[in-house]
Amino acid sequence: MPKRKIYVAGHRGMVGSAIVRHLTSLGEDVLTSSRQELDLRDQSSTHAWLKMHEPDAVIVAAAKVGGIHANSVEPAHFLYDNLAIEMNLIHGSHEAGVDRLVFLGSSCIYPKFAPQPISETSLLTGPLEPTNEWYAIAKIAGIKLCQAYRRQYQRRFISIMPCNLYGPNDNFDLMSSHVIPALMRKVHEAKCAGAGDLAVWGTGTPLREFLHVDDLARAVVFCLDNYDEDEHINCGGGSDISIRELAETICKIVGFEGRLTFDATKPDGTPRKLMDSHRLRERGWSPAISLEEGLTNTYQWFLQNHT
Ligand code: GDP
């Protein structure tokens with residue numbers, strides 16, 4: 001296959017950087033833009049940038065992301081920034097004549113009480129989980145934008161919905177991070193301080209499905225080459241784990257032997273969000289990195305980059 005010029009928007013983030021690593025290993029021509037060079041929330045400069053560079057394909061991995069706490073204190077940023085980034089990249093790609101675009105969303109687009117495992121058809125069938133509805137509404141709009149440009153302009157724009165992701169380049173800031181980097185940092189610091197116990201947010205009972213970001217990166221490139229349908233497609237690891245069990249696994253990997261306590265004054269969020277990813281599996285993608293292996297390599301990355 002001839003080399004394509006693929007623009008990865010959001011290449012400094014955990015997802016974008018994993019996609020760049022994977023595309024580079026495949027010998028593709030990867031295009032990126034730095035934050036100083038281009039603010040993706042700025043419509044005219046984003047449109048102009050796309051027209052100037054004329055990529056063959058665009059991957060929308062740029063987003064304002066964060067964990068359960070960040071979502072609740074920065075609703076305006078989660079809604080406005082994400083809507084602006086999507087609108088500018090999707091419409092700008094259309095105007096620049098880009099035929100292929102992959103938009104990345106999240107499993108939080110689904111209703112809080114969607115039947116499990118959650119199928120793509122559950123979208124817009126019930127109320128959202130309030131702790132992340134700002135982000136979810138923006139991501140739902142992104143899916144609809146892709147569908148609208150397919151319908152009106154025959155653009156081959158597609159959307160992928162990953163489950164909770166983790167891996168190298170994750171955000172380890174305790175106030176804005178997701179659960180895996182947060183717990184990894186807290187458990188590491190508790191071990192270094194010789195603490196006897198460690199408080200985990202919430203009751204420990206919520207169930208989450210996790211996927212290593214390198215597995216997602218393979219799925220994104222797989223879909224770029226093999227998926228071209230109106231409907232968004234789920235991409236998950238295939239099983240879920242309670243926050244308590246996750247915390248225990250992280251303690252084992254880090255080597256912390258203290259006691260875990262659960263702070264029920266902190267929000268649990270949605271009780272469960274296991275996705276049904278059979279459509280993607282049937283087409284030929286499957287995850288290759290187990291949770292234990294992925295957590296171990298992420299902890300190594302944390303030790304090398306944050307300590
Ligand atoms: P969510 O999947 O959108 O709810 O995102 P998170 O990754 O932020 O949270 C997942 C679950 O982990 C929630 O039930 C949190 O309450 C729980 N959790 C436990 N400890 C922590 C922590 O230190 N940070 C975060 N972000 N979540 C935690």
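Pro-117 sits in the loop between β4 (100–104) and α5, where helices (H or I, at least four residues) and strands (E, at least two) are DSSP runs numbered from the N terminus. The peptide bond that joins Gln-116 to Pro-117 is cis, with omega about -10 degrees.

A word on the ground rules: this is a predicted model, in which local features need pLDDT of at least 70 and side-chain atom pairs count only at pLDDT 80 or more, while totals for chains, interfaces and linings use all residues. Residues are numbered from 1 along each chain as its sequence is written, and side-chain values use heavy atoms, with hydrogens and water left out.

His-232 is another loop residue, placed between α7 (213–226) and β9 (233–235), but His-232 is buried at a relative accessible area of 3%. Its side chain makes a polar contact of 3.0 Å with that of Tyr-110; such a contact is a pair of N or O atoms within 3.5 Å, and within protein one must be able to donate a hydrogen and the other to accept it, with residues adjacent in sequence counting only if both atoms are side-chain atoms. Leaving aside residues up to four places away in sequence, His-232 also touches (heavy atoms within 4.5 Å) several others, including Glu-120, Gln-147 and Arg-279.

Now to the helix packing. Helices α4 (residues 75–95) and α5 (residues 133–153) pack with axes 8 Å apart at about 15 degrees; axes are lines fitted to C-alpha atoms, for helices over the stretch in contact, and angles run from 0 to 180 degrees between N-to-C directions. α4 and α5 are therefore roughly parallel (under 35 degrees; over 145 is roughly antiparallel, 65 to 115 roughly perpendicular, the rest oblique). The residues of their contact divide into 15 nonpolar, four polar and two charged, with Ala, Val, Leu, Ile, Met, Phe, Trp, Tyr, Cys and Pro as nonpolar, Asp, Glu, Lys and Arg as charged, and the others, Gly among them, as polar.

The axes of α6 (residues 179–193) and α8 (residues 243–254) come within 10 Å and cross at roughly 45 degrees, which makes α6 oblique to α8.

Notes
Buried < 20%, exposed > 50% of the residue type's maximum accessible area, 1.4 Å probe, protein only.
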